[in-house]
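User: I'm new to reading protein structures. Could you show me how to go through one, feature by feature?

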Amino acid sequence: MNYELVIFDWDGTLMDSTRIIASSLQAACGDIGVVVPSERDARYVIGLGLGDSFNHVAPNLDADGRQRLTERYRHHFLAREHEMPLYEGVREMLADLHGRGRRLAVATGKARRGLDRVLDSTGLRPWFEATRCSDEGFAKPHPDMLLMLMDMTGVEARRTLMVGDTTHDLELAANAGVDAVAVSYGAHDADLLGTRPAKARCDSVAELHRWLTTHG
């Protein structure tokens with residue numbers, strides 16, 4: 001295994017944001033009077049586009065209800081966005097990989113303006129040569145994001161690796177014909193991640209860093 005391009009999911013993989021995303025979705029559901037999803041259900045949809053997320057947690061909403069839910073979710077999320085740090089060790093891992101000549105990219109369920117905000121606030125933008133968001137094409141697990149990133153970078157599928165914290169990321173990788181590594185410290189637990197194929201399952205950023213350093 002010699003991966004030239006490593007594509008990272010963002011929320012729950014690089015940034016410790018899953019708790020706030022889930023609680024923002026729960027609060028939004030409460031605001032508009034629909035059944036509040038459990039924390040597990042709210043965490044399950046992290047990484048999907050908003051439309052697919054709403055299909056899972058509030059399937060009976062009409063267009064007006066979806067708009068109100070979107071507005072309330074964004075209200076709660078933006079109010080707490082400043083509270084979300086990178087996971088410990090992420091900055092050092094990315095710096096090391098970049099220094100070793102590894103090409104880095106992002107495939108995320110975030111909207112473009114949301115990813116742009118965190119790339120700038122964290123200072124990580126210079127390390128990623130390409131990024132793809134859910135509002136720029138098909139959302140996960142459709143292979144569009146990875147196919148576009150491979151096209152943008154000119155890297156073949158066999159030299160590409162996807163790293164993510166959800167089964168949506170692992171399905172995305174499988175649909176695009178690339179290998180994947182799962183991390184169990186984000187939105188989906190190890191048991192759920194174990195239902196999808198992955199080259200490795202890492203329980204911490206340090207373990208992920210070691211694996212990526214070894215398998216390159």
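User: Let's start with contacts. Which residues does Thr108 touch, leaving out those up to four places away in sequence?

Analyst: First, this is a predicted model. Contacts show what surrounds a residue once the chain has folded up. Thr108 touches Asp9, Trp10, Leu115, Arg132, Cys133, Ser134, Lys140 and Met145. Thr108 itself is found in strand 2.

User: Is Thr108 buried or exposed?

Analyst: A residue counts as buried when its relative accessible area is under 20%. Thr108 has 1%, so Thr108 is buried.

User: What pairs with strand 2, and in what sense?

Analyst: Look for bridges between strands, then check their direction. Strand 1 (residues 5–8) runs parallel to strand 2, and four bridges join them. Strand 2 (residues 103–108) also pairs with strand 3 in the parallel sense, again over four bridges.

User: Which residues stand opposite each other?

Analyst: Take them strand by strand. Ile7 has Ala105 of strand 2 as its bridge partner. Val106 stands opposite Thr131 in strand 3. Ala107 stands opposite Arg132, also in strand 3.

User: Which way do the side chains of strand 3 point?

Analyst: In a regular strand, side chains alternate between the two faces of the sheet. In strand 3 (residues 130–133), Ala130 and Arg132 point one way. Thr131 and Cys133 point the other way. All four are buried.

User: Let's go to strand 1. What does Leu5 touch?

Analyst: Leu5 sits in strand 1. Beyond its sequence neighbours up to four places away, Leu5 touches Arg103, Leu104, Ala105, Leu149, Thr153, Val155, Arg159, Thr160 and Leu161. Leu5 counts as buried because its relative accessible area is 0%.

User: How do I check the length of a helix, say helix 1?

Analyst: Helix 1 has 15 residues, 18–32. At 1.5 Å a residue, helix 1 should span 21 Å. Its end C-alpha atoms are 22 Å apart, which agrees.

User: Which residues of helix 1 are buried, and what covers them?

Analyst: An α-helix has 3.6 residues a turn, so residues three or four places apart point the same way. In helix 1, the buried residues are Thr18, Ile20, Ile21, Ala22, Ser24, Leu25, Ala28, Cys29 and Ile32. Their cover includes helix 2 (39–44), helix 3 (50–57) and helix 4 (63–80).

User: What about helix 8?

Analyst: Helix 8 (residues 167–176) is mostly covered, with seven of its 10 residues buried. Among them are Leu170, Leu172 and Ala173. The buried residues pack against helix 2, helix 7, strand 4 (160–164), strand 5 (179–183) and helix 9 (190–193).

User: Which backbone angles deserve a second look?

Analyst: Most residues other than glycine have a negative phi, and most peptide bonds are trans. Gly33 follows helix 1 and has a positive phi, near 85°. Gly177 follows helix 8, and its phi is positive too, near 75°. A cis peptide bond joins Lys140 and Pro141, with omega about 5°. Pro141 is in the loop between strand 3 and helix 7.

User: Last topic: pockets. What lines the largest pocket?

Analyst: Read a pocket by its volume, then its lining. The largest pocket holds about 550 Å³ of space. It is lined by 26 residues, and Leu50, Tyr73, Gly109, Lys110 and Ala111 lie nearest its centre. By class, the lining has 11 nonpolar, seven polar and eight charged residues.

User: Which helix gives the most to that lining?

Analyst: Helix 4 does, with four residues. Helix 1, helix 3, helix 4 and helix 6 (112–122) each supply at least two.

Note on methods
Residues are numbered from 1 along each chain as its sequence is written. This is a predicted model: local features need pLDDT of at least 70, side-chain atom pairs count only at pLDDT 80 or more; totals for chains, interfaces and linings use all residues. Side-chain values use heavy atoms; hydrogens and water are left out. The expected span of a helix is 1.5 Å times one less than its number of residues. Buried means under 20% relative accessible area, exposed over 50%, partly exposed in between (1.4 Å probe, protein chains only). Contact means heavy atoms within 4.5 Å. On a 1 Å grid over the protein atoms alone, a cavity is a set of points where a 1.4 Å probe fits but cannot get out, and a pocket is an open set with protein on both sides within 12 Å along at least five of seven lines; lining residues have an atom within 4 Å of a point. Grid points are joined across faces, edges and corners, and a volume is the space filled by probe spheres set on the points. Ala, Val, Leu, Ile, Met, Phe, Trp, Tyr, Cys and Pro count as nonpolar, Asp, Glu, Lys and Arg as charged, and the others, Gly among them, as polar. Two strands pair if DSSP finds at least two bridges between them.
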